[in-house]
Protein chains: 2
Amino acid sequence: MFRFELLKQDSNSSARLGRITTGHGVIDSPVFMPVGTQATVKTLTPEELYEIGVQIVLSNTYHLYLRPGEELVAKAGGLHRFMNWKRNILTDSGGFQVFSLAKLRRISDEGVYFNSHIDGSVHFLSPEKVMQIEQDLGADIAMCFDECAPYPCSYEEAQQAVVRTSLWARRCRENHHRTDQTLFAIVQGNIFPDLRQRSAEELFKLDFPAYAIGGLSVGEPKEDMYRILELMHDLLPVDKPRYLMGVGTPEDLLEGVKRGVDMFDCVLPTRLARHGTAYTAEGKITVRNASYADDFSPIDNSCDCYVCRNYSRAYLRHLIKAEEILAHRLLSYHNVYFLVNLMENIRSAINLGMFSTFYHDFLNTYRF
Amino acid sequence: MFRFELLKQDSNSSARLGRITTGHGVIDSPVFMPVGTQATVKTLTPEELYEIGVQIVLSNTYHLYLRPGEELVAKAGGLHRFMNWKRNILTDSGGFQVFSLAKLRRISDEGVYFNSHIDGSVHFLSPEKVMQIEQDLGADIAMCFDECAPYPCSYEEAQQAVVRTSLWARRCRENHHRTDQTLFAIVQGNIFPDLRQRSAEELFKLDFPAYAIGGLSVGEPKEDMYRILELMHDLLPVDKPRYLMGVGTPEDLLEGVKRGVDMFDCVLPTRLARHGTAYTAEGKITVRNASYADDFSPIDNSCDCYVCRNYSRAYLRHLIKAEEILAHRLLSYHNVYFLVNLMENIRSAINLGMFSTFYHDFLNTYRF
């Protein structure tokens, strides 16, 4: 069911052009995956995401487990049918959310007791339970349950998370049986190179079809993230996809691709939209600002998305000020399009052997 | 620019089949006009409204005057371009909103001083000012500035509103010059037959191309509304459209059509959607109710709209509980479709000489 083809490697960087195939079709990589936390990419329909060119969305195991519950989703015929999405889905493992959103009660090798962020009710997640949930949800790609250490943390804490992540990866592996679903492992180790190496090597022994890089983009300096990505590029097998979790901004996508990353996900495009902010080739703009009140140009003159072809900054600002939901929709559409289109341009550039030129041109124009 | 053709009259009722033509195309009547208060039909794009079959939307002069201001809309090239709507638009006059939403300061024959419901700022609207605003907005159909008496009110109050509405209609007429915009008059008179007659006759002298029935659906018993509609049917010229303002529910649309009304508008479909309520052929259902948690059928089995073809009650309820904007979108889409489709079925029935059968069948099934 799952296949990764490495189509091209850039000669001046570690950028890679690839193609991932699952039961729900092809994913061209490097790819940005919009996030549909609660079985919906906020404000958008599947048809709009198809139109944008989205080939895969991410959904959150932690959230769907709490509400509406994986049992209901399974009864609906799985996540694809429940949310009317006909392309690929990846579910994360809930590990990151348990350690960031929920109130932790007790963690042991067995699993994690925590309080729901919705109603405070007590829940228990273990590698075995998470595998049951993810298989009930039925995404094309499932993630192993991992322990994500915070930033900053001590070497000992990071080491503990690596040990537990390896232990849990083995149990996830043993409890994962769906043949129409692929299980990815997650490398931890915080910003400590030897722990990253240890985590990767322990997971290699289990021979997963792909490896994610977890525990980055959690507050560490950019240089640390880039340094770890370079190390991971050297360590990770060349013939398997690498997925950098929770990233990111346009500049981080470029920096990640440059360092050999194939897959990314982030809530930023829809979250920024809710705050009235939009991406442009020259950087982010806050559309709600008074300076756009009578600006009848599109969000981004160089963008050919539905929103930029039909609506002015002045109209969008009016919708934001009037608290109209259409504002969230249109800004979300544009922002997701911006990142998906950026990845498309990146893939073209790698294909043409022009990635370095594209990288420099983009970052010269984009103010952040 | 403006033409009304009466295509057919029902033999068993006062129902009429018609066709209105303006600069932005044809409107088949009887017609339901969704309301885009702030230059957007809440949560929906123009393309979705085209897909639903909407031929005309209403927008609110009072709201657009306050925000973003008619000057900005004119600078954008008019309301059609501002909101990216390529079919017909009708703007109300703001009269109803000034008397219901705003805090009234002083009313005289000259006009109305009031406080904005947004920031309390003081504003003045007169027939002359409203004509300037509506012409700046540039809808296909504009409404005269009228005085809408509340329900209940004394005969004297209702009479005063009729006198002022006639006075203002003349001044609106004199100050309306756009040849690509048609000006409708509004009949007032509350639930008093002689005042309704007086209002209509005074307006007839000014020979407007169409007459609206204002001051109904403001709290009076249904029987009073129906009685006044029957009177208006007898009074109003047969060869001009009649527009019942602020109506309504599916049952009121049927009762209105039966009594000779050609045009309707109401915020209900999108407002109900925001409260998690949807129309079905069997009556309204509250999709957020727990009883729909594992109901995998569509909102309405007999509906073939985008939402009913693709989403279950269980999924919609999940979106509502999770406070996802997509819930508002999908329920708004369905509810607007329901009313637009109802009008389409009504038109077919009139055309086939089957209106009475349709009327009884619908009301036998629809619980309200």
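The buried residues of α8(B) pack against α7 (155-174), β11 (182-187), β12 (211-213) and α9 (222-235) of chain B. Here helices (H or I, at least four residues) and strands (E, at least two) are DSSP runs numbered from the N terminus. This is a predicted model, in which local features need pLDDT of at least 70, side-chain atom pairs count only at pLDDT 80 or more, and totals for chains, interfaces and linings use all residues. Residues are numbered from 1 along each chain as its sequence is written, while chains are lettered from A and ligands numbered from 1 in the order in which they are written.

**Helix α8 in chain B**

- Helix α8 of chain B covers residues 193-204, and its 12 residues reach 16 Å from first C-alpha to last, close to the expected 16 Å; the expected span is 1.5 Å times one less than the number of residues.
- L195(B), R196(B), S199(B), A200(B) and L203(B) are the buried residues of α8(B). They sit on the same side of α8(B) because they cover an arc of only 135 degrees around the axis, the arc being that of the directions from the helix axis to the C-beta atoms.
- A residue is buried if 20 or more other C-beta atoms lie within 10 Å of its own, exposed if 12 or fewer, and partly exposed in between, with C-beta atoms placed from the backbone.
- The exposed residues D194(B) and E201(B) are carried on the face of α8(B) turned away from its buried side.

**Helix α8 in chain A**

- The 12 residues of α8(A) should span 16 Å at 1.5 Å a residue, and its end C-alpha atoms are 16 Å apart, which agrees.
- Buried in α8(A) are L195(A), R196(A), S199(A), A200(A) and L203(A). Seen down the axis of α8(A), these residues fall within an arc of 135 degrees, so they line one face of the helix.
- Cover for the buried residues of α8(A) includes α7, β11 (182-187), β12 and α9 (222-235) of chain A.
- D194(A) and E201(A) are exposed residues on the face of α8(A) turned away from its buried side.

**Nonpolar core**

- The largest nonpolar core has 242 residues, and F184(A) and F184(B) have the most contacts inside it. Such a core is a set of buried Ala, Val, Leu, Ile, Met, Phe, Trp, Tyr and Cys residues joined through C-beta atoms within 7 Å.
- Leaving out residues up to four places away in sequence, F184(B) touches I141(B), M143(B), C144(B), F208(B), A210(B), Y211(B), A212(B) and Y243(B).

**Contact between the chains**

- Chain A puts 28 residues in contact with 28 residues of chain B; two residues are in contact if their C-beta atoms, placed from the backbone, lie within 7 Å.
- On the side of chain A that touches chain B, the elements giving two or more residues are α3 (70-75), α4 (79-83), α13 (313-321) and α14 (325-351) of chain A. The largest share, five residues, comes from α13(A).
- By class, this side of chain A has 14 nonpolar, eight polar and six charged residues. Ala, Val, Leu, Ile, Met, Phe, Trp, Tyr, Cys and Pro count as nonpolar, Asp, Glu, Lys and Arg as charged, and the others, Gly among them, as polar.

**Domains of chain A**

- Chain A is assigned domain 1 (3-266) and domain 2 (267-368), with bounds from an automatic or database domain assignment. The C-alpha centres of these two domains of chain A lie 26 Å apart.
- Their contact takes 30 residues from domain 1 of chain A and 28 residues from domain 2 of chain A.
- On the side of domain 1 of chain A that touches domain 2 of chain A, β4 (31-34), α1 (46-52) and α10 (250-258) of chain A give two or more residues. α10(A) gives the most to this side, with six residues.
- The residues of this side of domain 1 of chain A divide into 16 nonpolar, seven polar and seven charged.

**Backbone points in chain A**

- Most residues other than glycine have a negative phi, and most peptide bonds are trans.
- The peptide bond from Y151(A) to P152(A) is cis, with omega near -5 degrees; P152(A) is in the loop between β10 (141-143) and α7 (155-174) of chain A.
- Also cis, with omega near 5 degrees, is the peptide bond from V247(A) to G248(A). G248(A) lies in the loop between β13 (242-244) and α10 of chain A.
- D207(A), which is not a glycine, has a positive phi near 50 degrees. D207(A) is in the loop between α8 (193-204) and β12 (211-213) of chain A, and is exposed, with 10 other C-beta atoms within 10 Å.
- E323(A) is not a glycine but has a positive phi of about 55 degrees. E323(A) is in the loop between α13 and α14 of chain A, and counts as exposed with 9 C-beta neighbours inside 10 Å.
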